[in-house]
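Open the model in your viewer and keep the sequence panel beside it. The stops below are meant to be selected one after another.

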Amino acid sequence: MKIDRIVLRQIRMPLVHFFETSFGRTTERDIVLVEAVSDGVSGWGEVTAGEGPFYNEEWTGSAWLILRDYAAPRVLEKQPQSANDVAPLTEHIRGHRMARGGLEAAIWDLDARLHGKPLWQHIGGGARREIPCGVSIGIQESVPKLLEKIEIELAAGYQRIKMKIKPGWDVDVIRQVRERFPSIKLMADANSAYTLRDADHLKRLDDFYLMMIEQPLAHDDIIDHAELQRRLQTPICLDECIRSAHHAEQAIRLRACGIINIKLGRVGGFCEAKRVHDRAQAAGIPVWCGGMLEAGIGRAHNIALSTLPNFTLPGDVSASQRYWKRDITCPVVETTPRGTIEIRDEPGFGYAIDHDFLREVTVRQEPVG
Ligand code: OSB
Ligand code: MG
């Protein structure tokens with residue numbers, strides 16, 4: 001493979017509904033896309049960083065600079081033999097895994113296309129023909145509004161509901177959700193809104209037989225999560241604090257979690273995501289694929305990732321139309337009435353880019369090299 005050029009684009013698209021977590025509200029997305037070109041063939045990646053440094057330290061603006069000034073020039077200079085060589089080429093960059101992961105994913109897509117193979121096959125997936133889907137529902141203006149949203153997603157077939165929580169929007173709200181929906185698969189995501197001092201309060205969630213509680217404590221903590229897990233019956237799922245297979249191993253060894261959420265960007269791309277997957281599988285820890293309000297490209301990459309064998313739980317990968325009036329791929333990502341997404345057999349990530357619409361939503365574009 002000879003990579004001729006890398007093109008960065010930033011697109012801006014409003015969300016159909018705002019999305020609120022314990023760290024803030026998003027109404028419009030600013031997303032960096034990476035196009036890697038070889039021999040007239042393009043591979044595409046999507047950087048999953050948010051608009052501000054609040055989920056983690058990265059944001060759209062930092063990703064652009066890391067890619068433009070460090071990651072993309074390095075890859076063009078060193079020229080990877082295959083997609084497997086890309087992650088090591090940018091490992092000397094501390095952190096900034098979402099930026100590096102967007103580039104790595106673009107080259108995985110490119111490599112798959114050059115081989116004429118679907119991406120899911122190229123990464124060693126294909127354990128299932130359709131992936132089980134859940135939805136992540138943000139903090140709402142009222143409990144009736146939340147109940148109505150859950151009702152709509154269940155009617156669409158989604159297999160599990162994740163609700164965002166924070167202090168003041170937790171035990172009482174979950175109690176009302178449970179009263180209304182006694183038997184659904186339900187979980188809660190705190191995005192690091194609590195500390196170990198809240199352990200007794202969080203213990204009250206054991207009454208609601210949640211599938212799991214996601215990232216209750218600090219974004220960079222593993223030890224307190226281990227302490228909390230000892231005190232809770234509900235399994236803890238780690239998101240923010242697992243940035244590498246090394247972190248996964250430490251969390252597993254300390255029994256800090258029973259489940260791991262794998263996000264392609266957060267761990268820096270497919271190579272590291274597969275390593276996290278493999279360590280978890282070896283330890284009997286199930287994983288599922290998280291989401292970062294992706295547009296079609298990131299969504300398609302998540303679908304490929306979700307076909308690895310240990311992705312046995314419904315993830316946060318859902319239909320494009322829940323986020324966008326119009327998405328940048330055609331077709332857009334859709335779900336079946338069974339609450340699944342069927343995988344596609346076209347080369348690469350399996351969806352075409354809607355170039356007309358892409359041009360419409362692009363706010364800046366810059367070739368590297
Ligand atoms: O913690 O999983 C999270 C969105 C933005 C930042 C963090 C998270 C999320 C979600 C949404 O939960 C998942 C999605 O629907 O893409
Ligand atoms: Mg999360």
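Helices and strands here are DSSP runs, a helix having at least four residues and a strand at least two, and both are numbered from the N terminus. Bear in mind throughout that this is a predicted model.

**Stop 1: helix H3**

Select residues 97–114, which form helix H3. H3 has 18 residues and reaches 25 Å from its first C-alpha to its last, close to the 26 Å expected at 1.5 Å a residue. Is this helix enclosed or open? Of the 18 residues of H3, 15 are buried, so the helix is largely enclosed by the rest of the structure. Now move on to Gly-116, which follows H3 and has a positive phi, near 65°.

**Stop 2: the nonpolar cores**

Next, select Ile-6, Ile-260 and Ile-328. In the largest nonpolar core, which has 123 residues, these three touch the most other members. Helix H3 gives this core its largest share, nine residues. At least three residues come from each of domain 1 (5–115 + 362–368) and domain 2 (121–342).

Then look for a second, separate core of six residues, which includes Met-212, Cys-237, Ile-259 and Trp-288.

**Stop 3: ligand 1**

Select ligand 1 and show what surrounds it. Which of the 17 residues around ligand 1 come nearest? They are Ser-136, Asn-191, Lys-263, Leu-293 and Tyr-323.

A polar side-chain atom of Tyr-323 is 2.5 Å from an oxygen atom of ligand 1. For Asp-189, an N or O atom of the side chain lies 3.0 Å from an oxygen atom of the ligand. For Lys-162, the corresponding distance to a ligand oxygen atom is 3.1 Å.

**Stop 4: backbone exceptions**

Most residues other than glycine have a negative phi, and most peptide bonds are trans.

Start with Asn-191, in the loop between strand S7 (186–189) and helix H7 (199–203). Asn-191 is not a glycine, yet its phi is positive, about 45°. Its relative accessible area is 7%, so Asn-191 is buried, the cut-off being under 20%.

Go on to Leu-293, in the loop between strand S11 (287–289) and helix H12 (296–305). Leu-293 also is not a glycine and has a positive phi, about 55°. At 14% relative accessibility, Leu-293 counts as buried.

Finish this stop at Cys-330 and Pro-331, which are joined by a cis peptide bond with omega about -5°. Pro-331 sits in the loop between strand S12 (329–330) and strand S13 (340–342).

**Stop 5: Pro-286**

Select Pro-286, in the loop between helix H11 (270–282) and S11. Is Pro-286 buried or partly exposed? With a relative accessible area of 22%, Pro-286 is partly exposed.

Leaving aside neighbours within four places in sequence, Pro-286 is in contact with Gly-258, Ile-259, Ile-260, Asn-310, Thr-312 and Leu-313. Two of these were named at the core stop: Ile-260 belongs to the largest core, and Ile-259 to the second one.

How values were computed
Residues are numbered from 1 along each chain as its sequence is written. Chains are lettered from A and ligands numbered from 1 in the order in which they are written. This is a predicted model: local features need pLDDT of at least 70, side-chain atom pairs count only at pLDDT 80 or more; totals for chains, interfaces and linings use all residues. Side-chain values use heavy atoms; hydrogens and water are left out. A nonpolar core is a set of buried Ala, Val, Leu, Ile, Met, Phe, Trp, Tyr and Cys residues joined through side-chain atoms within 4.5 Å. Buried means under 20% relative accessible area, exposed over 50%, partly exposed in between (1.4 Å probe, protein chains only). Domain bounds come from an automatic or database domain assignment. The expected span of a helix is 1.5 Å times one less than its number of residues. A residue is near a molecule or strand if one of its heavy atoms lies within 4 Å of it. A polar contact is a pair of N or O atoms within 3.5 Å; within protein, one must be able to donate a hydrogen and the other to accept it, and residues adjacent in sequence count only if both atoms are side-chain atoms. Contact means heavy atoms within 4.5 Å.
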